[in-house]
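Hi everyone, thanks for coming.

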Amino acid sequence: MTAVYTLTLAPSLDSATLTPQIYPEGKLRCTAPVFEPGGGGINVARAIAHLGGKATAIFPTGGATGEHLIALLADENVPTVTVATQDWTRQNLHVHVESSGEQYRFVMPGAALNEDEFRQIEKKVLTIERGAILVISGSLPPGVQVEKLTQLIKAAQKQGIRCIVDSSGEALTAALAIGNIELVKPNQKELSALVGRELTQPDDVRKAAQEIVQTGKALRVVVSLGPQGALGVDGDNCVQVVPPPMKSQSTVGAGDSMVGAMTLKLAQDAPFDDMVRFGVAAGSAATINQGTRLCAREDTQKIYDYLCHA
């Protein structure tokens, strides 16, 4: 299997809790918090581990929250490569309201990275072996401009590292402008922004995804369609996978689970349709969990088996 690494520039220590109801000013009594690692690339590495694979997570870390984050990843058997930072790793809060079923996600800004810290991360990335897969996922922290990210991707590609980018907005546009990105997973709104037009007709999503592939921006585009599953396009194929109807508890871990599952299949040189199917299965598996939990292997396998015979 091809070696897999992930890069998270704005990692987090996530805490999730339950409260009976939410209202202003009064004290909201909550359950004991559950702590989990957070940040796009870190969650992708965790999802891969949950599914029986292995991915090394590269990220900056600082303070007691950073130490807690590293310890939690060790508990999940996720290998890590870290760079110490002056700023403490951020801590996010996820609150599930029992009376309404609503979720509140309080997301703090990522810890700032100075020039030296970013250079150290870049050095770690550029030691990755040729032919390995690098998943770059998550937001950019204060102090890191999009130009730094694109320079890092170019340097990695020059060394033969295969880059997957799971981002949005300016960062995703800039990454695709480099070209030859292994895989991107925009949703329909993000895809519309990438091609600069509304996608209102039945075949517009497929045509827009094919446009990104045909212009050499990405080798594979998998468009996340929420409850409708996903539409995947590469140079030879177009496949749509619709998950079974399921009761969704939370969508927090769905995207990262989907990227992790697809990356695992890509690392195993699986056929493209199988990669998309496994990604939808893992994304769906994550939605049946409350809070910030990712896909479970058993749930993913059940949904994947269903999709294989649907």
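A search of the whole structure turns up two cavities of 30 Å³ or more. By cavity I mean a set of points, on a 1 Å grid over the protein atoms alone, where a 1.4 Å probe fits but cannot get out; lining residues have an atom within 4 Å of a point. Volume is the space filled by probe spheres set on the points, with grid points joined across faces, edges and corners.

A word on the source: this is a predicted model, where local features need pLDDT of at least 70 and side-chain atom pairs count only at pLDDT 80 or more, while totals for chains, interfaces and linings use all residues. Residues are numbered from 1 along each chain as its sequence is written, and side-chain values use heavy atoms, with hydrogens and water left out.

So, which residues line the largest cavity? They are Leu 7, Thr 8, Leu 9, Ile 136, Ser 137, Gly 138, Ser 139, Leu 140, Leu 149, Ser 167 and Ala 171, around a volume of about 70 Å³. That lining has six nonpolar, five polar and no charged residues. For the classes, Ala, Val, Leu, Ile, Met, Phe, Trp, Tyr, Cys and Pro count as nonpolar, Asp, Glu, Lys and Arg as charged, and the others, Gly among them, as polar.

The second largest cavity comes to about 50 Å³. Its lining includes Leu 9, Pro 11, Thr 85 and Arg 90, and by class there are five nonpolar, three polar and one charged.

Now the largest pocket, at about 1200 Å³. A pocket is an open set of points with protein on both sides within 12 Å along at least five of seven lines. Here 46 residues form the lining, and Thr 251, Val 252, Ala 254, Gly 255 and Asp 256 lie nearest the centre. Elements giving two or more residues to it are β2 (12-19), α1 (40-50), β6 (90-97), α8 (254-267) and α9 (272-287); helices (H or I, at least four residues) and strands (E, at least two) are DSSP runs, numbered from the N terminus. The pocket lining splits into 14 nonpolar, 24 polar and eight charged residues.

One last stop: helix α6 (residues 188-195) holds Ser 192. Is Ser 192 buried or exposed? Ser 192 is buried, because its relative accessible area is 14%, and buried means under 20% (1.4 Å probe, protein chains only). Its side chain reaches the backbone oxygen of Arg 197 at 2.5 Å.

Methods:
Buried means under 20% relative accessible area, exposed over 50%, partly exposed in between (1.4 Å probe, protein chains only). A polar contact is a pair of N or O atoms within 3.5 Å; within protein, one must be able to donate a hydrogen and the other to accept it, and residues adjacent in sequence count only if both atoms are side-chain atoms.
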